[in-house]
Amino acid sequence: MELRVLKYFLAVARHQNITRAAEELHLTQPTLSRQLQDLEEELGTPLFTREKRRMELTEAGLFLKARAEEMTTLEEK
């Protein structure tokens, strides 16, 4: 798991929308979707519930969000 992918995950969690997160990150939507799918496969659990235009964090997603925020904060110091 790369720190870059955790930042992608956090952007999607913040926006609750892949398109808006992709715009913020200057990525294409398919690229960002693939990165999230790869992360979910690596962890063996879904991180989001996907609805029409909104993505909600699952329990595993909420846990990862807290840890990812800690890791990115440490990286910034």
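Reader: Where is the place of glutamine 16?

Author: Glutamine 16 sits in the loop between helix 1 and helix 2. Please keep in mind that this is a predicted model.

Reader: Why is glutamine 16 called partly exposed?

Author: Its relative accessible area is 24%. Buried means under 20% and exposed means over 50%, with partly exposed in between. The value of 24% falls between those cut-offs, so glutamine 16 is partly exposed.

Reader: Where is histidine 26, and what is its phi?

Author: Histidine 26 belongs to the loop between helix 2 and helix 3. Its phi is positive too, about 60 degrees, although histidine 26 is not a glycine.

Reader: Why is histidine 26 called exposed?

Author: Set its value against the cut-off: exposed means over 50%, and histidine 26 has a relative accessible area of 74%. Histidine 26 is therefore exposed.

Reader: Let's turn to helix 1. How do you know that its span agrees with what a helix should have?

Author: Helix 1 has 13 residues, and at 1.5 Å a residue they should span 18 Å. The expected span is 1.5 Å times one less than the number of residues. The end C-alpha atoms of helix 1 are 19 Å apart, which agrees.

Reader: Which residues of helix 1 are buried, and what covers them?

Author: The buried residues of helix 1 are Val5, Leu6, Tyr8, Phe9, Leu10, Ala11, Val12 and Ala13. Their cover includes helix 2, helix 3 and helix 4, along with strand 1 (48-50) and strand 2 (55-57).

Reader: Why are helix 1 and helix 3 called roughly perpendicular?

Author: Two packed helices are described by the angle between their axes and the distance between the axes. The axes of helix 1 (residues 3-15) and helix 3 (residues 29-43) come within 10 Å and cross at roughly 110 degrees. Angles of 65 to 115 degrees count as roughly perpendicular, so helix 1 and helix 3 are roughly perpendicular to each other. Arg4, Val5, Tyr8, Phe9 and Val12 of helix 1 make this contact with Leu32, Gln35, Leu36 and Leu39 of helix 3. By class, these are seven nonpolar, one polar and one charged residues.

Reader: What joins glutamine 35 and arginine 4?

Author: Their side chains are joined by a polar contact of 3.4 Å. The cut-off for such a pair of N or O atoms is within 3.5 Å. Glutamine 35 is part of helix 3. Setting aside neighbours within four places in sequence, glutamine 35 is in contact with Arg4, Val5 and Tyr8.

Reader: Why are helix 2 and helix 3 called roughly perpendicular?

Author: The axes of helix 2 and helix 3 come within 9 Å and cross at roughly 105 degrees. That angle lies in the range of 65 to 115 degrees, so helix 2 and helix 3 are roughly perpendicular to each other. Helix 2 contributes Ile18, Thr19, Ala21, Ala22 and Leu25, and helix 3 contributes Gln29, Leu32, Ser33 and Leu36. The residues of this contact divide into six nonpolar, three polar and no charged.

Reader: How do you know that leucine 36 counts as buried?

Author: Its relative accessibility is 1%, and buried means under 20%, so leucine 36 counts as buried. Leucine 36 lies in helix 3. Not counting residues up to four places away in sequence, leucine 36 touches Phe9, Val12, Ile18, Phe48, Arg50 and Met55. Leucine 36 and phenylalanine 48 are twelve residues apart in sequence, and their C-alpha atoms are 9.3 Å apart in space.

Reader: What makes threonine 72 buried?

Author: Threonine 72, in helix 4 (residues 59-76), has 9% relative accessibility. The cut-off is under 20%, so threonine 72 counts as buried. Its side chain reaches the backbone oxygen of glutamate 69 at 3.2 Å. Beyond residues up to four places away in sequence, threonine 72 touches Leu3, Lys7 and Leu10.

Reader: And why is lysine 65 called partly exposed?

Author: Lysine 65, also found in helix 4, has a relative accessible area of 26%. Leaving aside neighbours within four places in sequence, lysine 65 is in contact with Phe9, Leu10, Ala13 and Leu57.

Key:
Residues numbered from 1 in each chain as written. Predicted model: local features only at pLDDT ≥ 70, side-chain atom pairs only at ≥ 80, totals over all residues. Heavy atoms only, no water. Helix = DSSP H or I, 4+ residues; strand = E, 2+ residues; numbered from the N terminus. Buried < 20%, exposed > 50% of the residue type's maximum accessible area, 1.4 Å probe, protein only. Polar contact = N/O pair within 3.5 Å; in protein donor to acceptor, adjacent residues only side chain to side chain. Contact = heavy atoms within 4.5 Å. Axes fitted to C-alpha atoms, helices over the stretch in contact; angles between N-to-C directions. Parallel < 35°, antiparallel > 145°, perpendicular 65-115°, else oblique. Nonpolar A, V, L, I, M, F, W, Y, C, P; charged D, E, K, R; others polar.
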